[in-house]
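Please have the view open as I speak.

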Amino acid sequence: LPAFQDSQLFIKDLHFDGVPVRIYLPRKPSTSKQRGVIYIHGGCGIFGSISKELKEKITCRYIARESDSVVVSVGYHLAPEHKYPSQTLECLTATVHFLKSAESYGVDPARIIVCGDSVGATFAASVCQELRHRTDIPKIRAQVLIYPYLQALNFNLPSHQKNAAVAFLSRERTVHFILKYLNKDCSLKEPILAGSHVPESVLLKYRKWINPDLIPDVFKVGYKPPLPTLFLPQVHEEVQELFEPQVSPLLAEDAVVCGLPDTCIVTCEHDVLRDEGLLYKKRLEDNNVPVTWHHVEKGFHG
């Protein structure tokens with residue numbers, strides 16, 4: 001698809017406070033202010049772009065046309081050349097800019113959602129957590145998280161076992177890409193897959209949120225609890241970032257989660273990340289955040 005040709009949309013490349021964005025504006029005049037969508041693409045933080053990613057172009061055009069919304073696609077710079085957490089910070093910067101300037105694009109600042117897929121959903125979740133108590137800018141109306149990656153403590157949940165070798169995003173490749181994103185030694189992959197990077201105290205602290213017992217039984221057919229593993233302090237020290245909410249939004253405290261906007265979560269059956277979406281859904285519901293959940297039974301990551 002040519003970058004700037006669409007009979008129904010104006011498409012422009014801009015910068016929001018230095019962050020590249022592509023904005024999709026409906027050509028048809030509106031009698032009232034329109035909805036706004038901030039879209040954050042996936043790609044593990046190391047792939048994809050707003051100019052070359054065909055899936056992203058199709059998705060943003062579809063959302064803009066079908067929902068009559070102004071869509072802003074964020075072109076955050078990629079790791080490892082641009083080090084973590086610059087990706088999340090750029091998404092945050094672009095979101096704040098759009099919330100402040102929405103009316104200049106014909107958008108109602110009270111009807112702006114943040115949407116992302118895969119690691120884009122991670123960034124979207126992090127942005128919403130960061131902005132939950134800001135009073136100097138309009139509130140985000142809702143967040144849409146499409147097969148999100150949300151935690152790096154446990155890679156032995158039922159969906160990790162069931163979909164360990166599924167194409168596009170296997171269990172092993174998931175950890176490999178996380179390490180690449182954080183610019184870490186990929187030889188750490190095996191101990192992280194085994195869970196050797198998590199001390200017992202941390203396991204106990206987060207067991208109330210990351211626990212196979214919290215997954216509905218229908219999703220645990222064939223699941224086998226993993227054997228206990230040996231904690232390796234040197235691995236833990238190397239990957240401290242995995243325990244930060246910017247990387248693992250599921251680890252945010254309840255005081256943060258209870259202030260989040262209405263949420264839509266999309267999960268896919270054949271996806272290693274399926275259970276992370278299910279666990280976040282439960283956490284949001286437990287904190288009285290309205291959640292809409294859509295599960296694609298024959299769907300897969302990407």
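**Around N156**

Leaving aside residues up to four places away in sequence, N156 touches Q161, R171, L193, A194, Y223 and P226, where contact means heavy atoms within 4.5 Å. Before I go further, this is a predicted model, in which local features need pLDDT of at least 70 and side-chain atom pairs count only at pLDDT 80 or more, while totals for chains, interfaces and linings use all residues. Residues are numbered from 1 along each chain as its sequence is written, and side-chain values use heavy atoms, with hydrogens and water left out.

N156 sits in the loop between β6 (142-146) and α4 (158-162); helices (H or I, at least four residues) and strands (E, at least two) are DSSP runs, numbered from the N terminus. With a relative accessibility of 15%, N156 counts as buried, given that buried means under 20% relative accessible area, exposed over 50%, and partly exposed in between, for a 1.4 Å probe and protein chains only. The side chain of N156 reaches the backbone oxygen of L193 at 3.0 Å.

**Aromatic rings**

How many aromatic pairs does a search of the whole structure find? The search finds ten, where rings of Phe, Tyr and Trp (its six-membered ring) pair if their centres lie within 6.5 Å, and planes under 30 degrees apart count as stacked, over 60 as edge-to-face and the rest as tilted. In the case of F16 and Y105, the ring centres are 6.0 Å apart and the planes are at 45°, so this pair is tilted. F16 lies in strand β1 (residues 9-16) and Y105 in the loop between α2 (86-101) and β5 (107-117), so the pair ties together parts that are 89 residues apart in sequence. F16 is buried, at a relative accessible area of 1%, whereas Y105 is partly exposed, at 22%. Y105 also forms a tilted aromatic pair with F98, at 6.1 Å centre to centre and 50° between the planes, and F98 is buried, with 0% relative accessibility. Elsewhere, ring pairs link Y76, Y84, F123 and Y181 into a cluster.

Two arginines lie over ring faces: R27 over that of F10, at 4.2 Å from the ring centre, and R283 over that of W209, at 3.6 Å. The criterion is that NZ of Lys or CZ of Arg is within 6 Å of the ring centre and within 35 degrees of the ring normal.

**Cysteines**

The structure holds zero disulfides, a disulfide being a pair of cysteine sulfur atoms within 2.5 Å. For C128, the nearest cysteine sulfur is that of C115, 10 Å away, and C128 is buried, with a relative accessible area of 2%. For C268, the nearest cysteine sulfur belongs to C264, 12 Å away, and C268 is likewise buried, at 5%.

**Helix α10**

Finally, is α10 largely enclosed or exposed? Ten of its 13 residues are buried, so α10 is largely enclosed by the rest of the structure. Among the buried ones is R283, the residue that lies over the face of W209. The cover over the buried residues of α10 includes α3 (119-131), β6, α4, α9 (254-257), β7 (262-270) and β8 (291-300). After α10 comes N288, whose phi is positive, near 65°.

Note on methods:
A polar contact is a pair of N or O atoms within 3.5 Å; within protein, one must be able to donate a hydrogen and the other to accept it, and residues adjacent in sequence count only if both atoms are side-chain atoms.
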